Amino acid sequence: MTAPILELKGVNKSFGPIDVLFDINLKIKAGEVLCLLGDNGAGKSTLIRLLSGVHQPSSGQILMDGAAVSFPSPRAASEQGIATVHQFGGTFPLMSIGRSFFVGVEPTKGWGPFKRYDRKTANEIAVKAVQDFGITRIDDGDRLVGGLSGGERQSLAIARAVHFGARVLILDEPTAALGVKQATHVLRIVNEAKRRGLAVVFITHQVMHAMAVGDHFAVLIRGAVAADFGKGEKTREEITDLMAGGASMANLEAEIEAQAQ
Amino acid sequence: MNLSNLTRRPEFGSVLSLIAVIAFYVLCGGVNLGQLAGAASWVNLAANLGIVALPVGLLMIAGEIDISIGAMIPAGSMTVAILSGHFGLPITVGIAGALALGLIVGLVNGLIATRTSVPTLIITLGTLMVVQGLILSAAMFLTGNASVSLAPPDWAKAALGQMMAGKYQIIILWWAGFAAAFFWLLHVSPVGNWILAMGGDQTSARNAGIPTVRLKIALFMLSATAAAFVGVCGAIQFNSAQVSGGMGYIFNAICAIVVGGVLLTGGYGSVLGIVLGTITFAIVSQGIYFTQIERNWANLIIGITLLGAVAMNETFRKMALGAASKKKRAKA
């Protein structure tokens, strides 16, 4: 449908003599969820660090809306509308919801040196933003972020990113540390972000979660894109096999079966 | 505001500490409450300590610490005494010189802290020693003496070093002013949010666009200058300055701040808490003279207060974090 918001073209990344990513080509489109699958050490984290400006590619191009861009810092990436939400969501557990929502962009009242932090407005906006995402249980902006559940924290972080105009949402294993019910919450919010037209990059190694929300899937193995396919093109078993390095999972099953006999 | 909201506040533990300490002195020490409340000794101590504890507390909320204040207090005293007492320069020059020294030492602390990854405890331990050595050498070289006298003019005496009603140091009013200014900075101005965020997670704070480097340097300059100010007031109050002294302030300030509910690792605390912690500390250490308790027990009581307060603050912090889930369950 639309041109991709973000595109990687032949991206390589090496740290000294160690090649971590090799010839990555990916398209991230608005209103789509791209699931990035892969085992530990496959290069998922490095890839998102490239997208969020923590690292820069050794070679290859990152295109945004068709034009080559570079993100020299995480700040540069977020200014371009790329928001990264990490596994534990909010990073300021001892701050209130309202205060942490507006870190660095505090709403103020008054003028000049007498500017006051506008607690009421901050709390109202923060609470409304999260509630719009369906988390109605957050109703008090003075509550500390650390008192929220893991899923609520993720939701708060996602709502924050969307509120401040993110176009690309990078979710780094958002469901990894969550229980089943909490994970469902987060998946629902991922869906809501997608409905609002954001491009979502969803990193996970839980195939079930990926299949629930994904439109497009990319499997990383040892730093290369091993498979790149659309929704409904592969079964869960096929994807799991791919992630585990192809035949090894099937071999294991065969071995276990042989032992049982 | 209901009780559960109250217990969520960082200073709640320090209120209880203060009540507990006063109750202990009244019940076990036979203290006359009115006499204690009107006593100048603990208020004077609290004011001198409080002016240093406020900026150091803010630094601790921002995740850093400054122990070089222990040397900055005598350094402030000596600077004003050497410039205005020994060399006879106008007192304004002496005061400006002392405050400028504070700004410089704070700038050095801040620059090292933001350019290296050395913990600020070590950095400011270094500058503590450097300033101590510097001020002793300077005093001996310039005046040949480790103690320098000063004859401040009346207006300086009135503003910085007089006794109100014969026993209350004027610095008490300055402390009140400092407390109000710091309250504004941390709880009213948007900068307060930056300080809390910086103490919570520095990388995230920087990524959110907070000028963490400038903010940290400014906080270090604030604490060193506040320490120099306390030194200046002392020199003007007592008409002389000594190179020694001030070291006690380091532990006393940290003690007052921690009793006040500030989290040592940063990200949590309040100005009201720091003020209450300072008062608690002052009452424990001076209030003992109003009791029948043997004086030598003072430090023991301070230690127990500190440990009790820390345990209590820990509990209330956990309650503040847990408050949400309890509320949720009640609603569900």
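## Contact between chains B and A

Between chain B and chain A, five residue pairs are in polar contact, both residues at pLDDT 80 or more (N or O atoms within 3.5 Å, one able to donate a hydrogen and the other to accept it; residues adjacent in sequence count only if both atoms are side-chain atoms). The model is predicted: local features need pLDDT of at least 70, side-chain atom pairs count only at pLDDT 80 or more, and totals for chains, interfaces and linings use all residues. Residues are numbered from 1 along each chain as its sequence is written, and chains are lettered from A in the order in which they are written.

The number of salt bridges between the two chains is zero (a side-chain nitrogen of Lys or Arg within 4 Å of a carboxyl oxygen of Asp or Glu). On the side of chain B that touches chain A, the elements giving two or more residues are α9 (171–188), α10 (190–200), α11 (202–207) and α15 (298–331). Of these, α15(B) gives the most, with eight residues.

## Extent of the contact

Chain B contributes 32 residues and chain A 29 residues, where contact means heavy atoms within 4.5 Å. Together the chains bury about 2,400 Å², 58% of it on carbon and sulfur atoms (accessible area, 1.4 Å probe, lost on being put together and summed over both).

## Helix α7 of chain B

Helix α7(B) covers residues 120–143 (helices are DSSP runs of H or I, at least four residues, numbered from the N terminus). Its first and last C-alpha atoms lie 33 Å apart, close to the 34 Å expected at 1.5 Å a residue (1.5 Å times one less than the number of residues). G144(B) follows α7(B) and has a positive phi, near 70 degrees.

Note on methods: Heavy atoms only, no water. Buried area = accessible area lost by both parts, 1.4 Å probe.
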